[in-house]
Amino acid sequence: MSGKWSDLPRDLLSQIAKGLGLIDFLSFRGVCKDWNTASLEVSPLEVSPVDKSALCDPWFLIYGGEGSHCSLISHQNKCYTINLPELDGATCLASYEGWLLLFGNGSLFFFCPFSRAKLELPNCPFTEACDHVAAFSAAPTCEDCIVVVLNSSSDSELELFMLCKGEDEWVKSSFRGYKFSKITTALYYEKNEFHFLDGENGLVTFSASKSKAWNKYCMRASTDKCSPSTLLHYIIRKNSFQWTNENREKGFIEANDSISTCGTIVPHVSGKCDMIIRSESIEAQTQPGSRHLKGVWIQPRYLYVSSTQTW
């Protein structure tokens, strides 16, 4: 076959791109303008088709270091460098289905680091993100997406802001009258219900339905005597990054680095029970000259958003 590689038919290029793993796909898009255009609306394989056991394993993104340079760690502990100006000065509040919910420069926005797709949210109800946690019910491109952001205004009050897809004004709700531990992790559960986990066994729930009902529980390990109605349909994994980087031997962070991480939901391949990766806060081993990094667990997905799409 004669001619240039860039002259290959667009349909053929799209089929080639569709069969690539994520990292190879990103390299494919950088070859030339024609290859980039041919793969614009293509979704690559999330992982190698040989490794079926890792279909749901999240990757880990480290940011907040030198400018917009970030480290991306695959489920196989391969480390890549990626340039993401959108994360410079930003803080990730939630990660779900390959989307990150970020706060930066006084605004909230959804972002996919692999495709650079971005979707702004209107009228951010706060000016700084300090101990805020968040969750969203579905991808921001879905019509039924609901976003909630929670903050502990005091140890006896929780303050929540909620925004539904297509709306411009956030709805505020508060929960008072209990002694709360620091809420570290948020997730969407089911039937418009959001769960908020503290660092121990505390669970606070919020209903996004008309009732806007709050409840507080103490979780305990399940037993054979537990009723199915009292069982949560997820399991919780703690210290995930600390385990994967035990004693900092793998060199992902240095001894003088501290890091705060944002967790995610890992869908079970059978659909039976999701895994919740908690957020973490890991202190530097040596304080002088220490720097603070940020990290987030993310599903490795390339998500396309039309330039005309808005919230």
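Buried, in what follows, means under 20% relative accessible area, exposed means over 50%, and partly exposed is what lies in between, with a 1.4 Å probe and protein chains only. By that rule Cys142, at 30% relative accessibility, counts as partly exposed, whereas Cys218, at 65%, counts as exposed.

Good morning, colleagues. This is a predicted model, in which local features need pLDDT of at least 70 and side-chain atom pairs count only at pLDDT 80 or more, while totals for chains, interfaces and linings use all residues. Residues are numbered from 1 along each chain as its sequence is written, and side-chain values use heavy atoms, with hydrogens and water left out.

I shall begin with the overall figures. The protein has four helices and 21 strands; these are DSSP runs, H or I of at least four residues for helices and E of at least two for strands, numbered from the N terminus. Of its 311 residues, 45% count as buried. The accessible surface comes to about 16300 Å², and 48% of that area belongs to carbon and sulfur atoms; the areas come from the Shrake-Rupley method with a 1.4 Å probe, and for residues only the protein chains shown count as cover. With a contact defined as heavy atoms within 4.5 Å, 54% of the contacts between residues at least 6 apart in sequence join residues at least 24 apart.

Let me turn to the sheet. Six strands form an open, mixed sheet in the order β3-β2-β1-β21-β17-β20; two strands pair if DSSP finds at least two bridges between them. The edges are β3 (79-83) and β20 (280-282), each of which has a single partner strand, so one side of each is left without a neighbour in the sheet. From one strand to the next, the twist averages 20°, where axes are lines fitted to C-alpha atoms, for helices over the stretch in contact, and angles run from 0 to 180 degrees between N-to-C directions.

Cys70 stands opposite Ile82 of β3, and His69 has Asn83 of β3 as its bridge partner. The two strands form a hairpin with five residues between them, and Asn77 in the turn has a positive phi of about 65°.

Further into the order comes β21. Strand β1 (residues 59-63) pairs with β21 in the antiparallel sense, again over five bridges, and Trp59 stands opposite Ile298 of β21. Strand β17 (residues 257-262), by contrast, runs parallel to β21 and is joined to it by six bridges. Thr261 has Gly295 in β21 as its bridge partner.

Two loop residues deserve a remark on backbone geometry. Glu97 has a positive phi, near 55°, in a residue other than glycine. Glu97 sits in the loop between β4 (91-96) and β5 (99-104), and at 29% relative accessibility this residue counts as partly exposed. Asn239 likewise has a positive phi near 55°. The loop that holds Asn239 lies between β16 (234-237) and α4 (240-244), and with a relative accessible area of 34% Asn239 is partly exposed.

Next, the aromatic residues. A pair of aromatic rings is described by the distance of the centres and the angle of the planes. Rings of Phe, Tyr and Trp (its six-membered ring) pair if their centres lie within 6.5 Å; planes under 30 degrees apart count as stacked, over 60 as edge-to-face, and the rest as tilted. The whole structure holds 16 aromatic pairs. One of these, Phe110 with Trp311, is stacked, at 6.2 Å centre to centre and 20° between the planes. Phe110 lies in strand β6 (residues 107-112) and Trp311 in the segment after β21 (291-298), so the pair ties together parts that are 201 residues apart in sequence. Both Phe110 and Trp311 are buried. The rings of Phe175 and Phe180 have centres 5.5 Å apart and planes at 50°, so this pair is tilted. Phe175 is buried at 9% relative accessibility, and Phe180 is buried at 7%. Ring pairs link Phe175, Tyr178, Phe180, Phe196, Phe206 and Trp214 into a cluster.

Finally, I return to the cysteines. How many disulfides does the rule count? A disulfide is a pair of cysteine sulfur atoms within 2.5 Å, and the count comes to zero. Cys142 is in no disulfide, and the nearest cysteine sulfur, that of Cys145, is 7.2 Å away.
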